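Biologist: I am new to this structure. Please show me how to read it, one feature at a time.

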Amino acid sequence: MKKGYLSEYFIGFGYKHLSAVEALRHRSKQHEFNGVNGLRKVFGLDRRTFNTTFIYLCDDDPEPVKDTGFMTWYDSREMDDTRSSEYRLYFPDTTVSDNANEGDLLVIGRRPDDTLVAIIAESGSTIENQILWLFGIVDQTHPGYSVKGELESDQVKLEFASRYILEQIGVEIEETDENFLDIMLEKFEGGFPTTRVFSEFARSTIPDISAHDNPDEVVIAWIEREEVLFRTLERHLIGDRLRAGFSDDDVDAFIKFSLSVQNRRKSRAGSALENHLEFIFAERSIRYSRTPFTEGRAKPDFLFPGEVEYHDKNFSPLLLTMLGVKSSCKDRWRQVLAEADRIERKHLLTLEPGISENQTNEMQAKSLQLVLPSGIHNTYTAVQRGWLMNIADFIYLVNKNQQ
């Protein structure tokens, strides 16, 4: 295991596409994955039962479908010395297996704590693309399991896009920086500040980075630092609240607290990205309006050069630019299409890696231009990369329109 590498979270894994027999089980109560002999490299030769987290991922659901259970690994011929081994992987019925379909991608990973994660991703989806990229899966033609062990996993260094996908499948990223904890507790008086204040603080902790540097690298650096600082502060404050405890009859308070944690994480991620972009625009003397009103009280994230020019019918729409900002995209990109009627070609900046070609083809058909930091472009296909725009290119476009 190496810090900062995929093997920090998975010591080995196998993958395949589900066959009709495996996916369409007619709701029987006992199931086995087929063709598992190749998994001996991950599971060994002895009979084992592993606690397992089952996850089903598709683009239509905002949250993964999760269930817990177990998998049993065993040689069905272990008592017959006259025949060669035939390993099987048994698992009980779960809400995840109920969602599986023929052709879906299955990845079974062994975690360092000796538990398993069984990930099923909908065939042809963006999340399938992301899982394939995360695990470095290239050959998908093998009918049985293809397997990668710890040595190969150690070669997969985690970067921003990798950590993003791990969080999408529910793998908790544990990177924190305790050196800043006391500073934050004093500065924020033992609580969470507004997202704008927190973003400003995160930027201040990397003084050697400027808004005038390469914006694609700067945005990722600031976002990564803010994530680490947020997790550091959150872990401390949540720990204090959990240590204080909840009474036996205070279930509602516990649920409310849990929901507040999840909601804070989701709302902060999008706001942080907007905050850092706004700072770059302001420092570069780019004129803009943040969350202005357009038709029907719609509120795009950014309008260039601004709200006044947008509502001036004499101002050429060719000099207007709209930018939607969504840290994660999924199907929500369509919301951007209705946020500025005067602007034919919309722009959407996201941190979402590996969006499927079906989705990006539809974006192009709808005159929506996707903008991503350059470091995320390698999660897209060569055909897609020829169309993608980076942040530096977007800033050049806006500056050109304002000259």
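Modeller: Helices (H or I, at least four residues) and strands (E, at least two) are DSSP runs, numbered from the N terminus. Here the chain has 14 helices and 13 strands. This is a predicted model: local features need pLDDT of at least 70, side-chain atom pairs count only at pLDDT 80 or more, and totals for chains, interfaces and linings use all residues. Residues are numbered from 1 along each chain as its sequence is written, and side-chain values use heavy atoms, with hydrogens and water left out.

Biologist: How many residues are there, and what share of them counts as buried?

Modeller: Buried means under 20% relative accessible area, with a 1.4 Å probe and protein chains only. Of 403 residues in the chain, 49% are buried.

Biologist: How many residues of helix H4 are buried?

Modeller: Helix H4 spans residues 126-134, and seven of its nine residues are buried. Among them are Ile127, Ile131 and Leu134. An α-helix has 3.6 residues a turn, so residues three or four places apart point the same way.

Biologist: What do the buried residues of H4 pack against?

Modeller: Contact means heavy atoms within 4.5 Å. The partners of H4's buried residues include strand E1 (12-17), strand E3 (48-57) and helix H12 (357-365). Just after H4, Gly136 has a positive phi of about 65 degrees.

Biologist: Which strands make up the open sheet, and in what order?

Modeller: Two strands pair if DSSP finds at least two bridges between them. The five strands run in the order E9-E10-E11-E12-E13, with mixed pairing. E9 (289-290) and E13 (368-371) are the edge strands, each pairing on one side only. E12 (residues 346-350) and E13 are parallel, joined by four bridges. Leu348 sits opposite Leu370 in E13.

Definitions and conventions
Buried means under 20% relative accessible area, exposed over 50%, partly exposed in between (1.4 Å probe, protein chains only).
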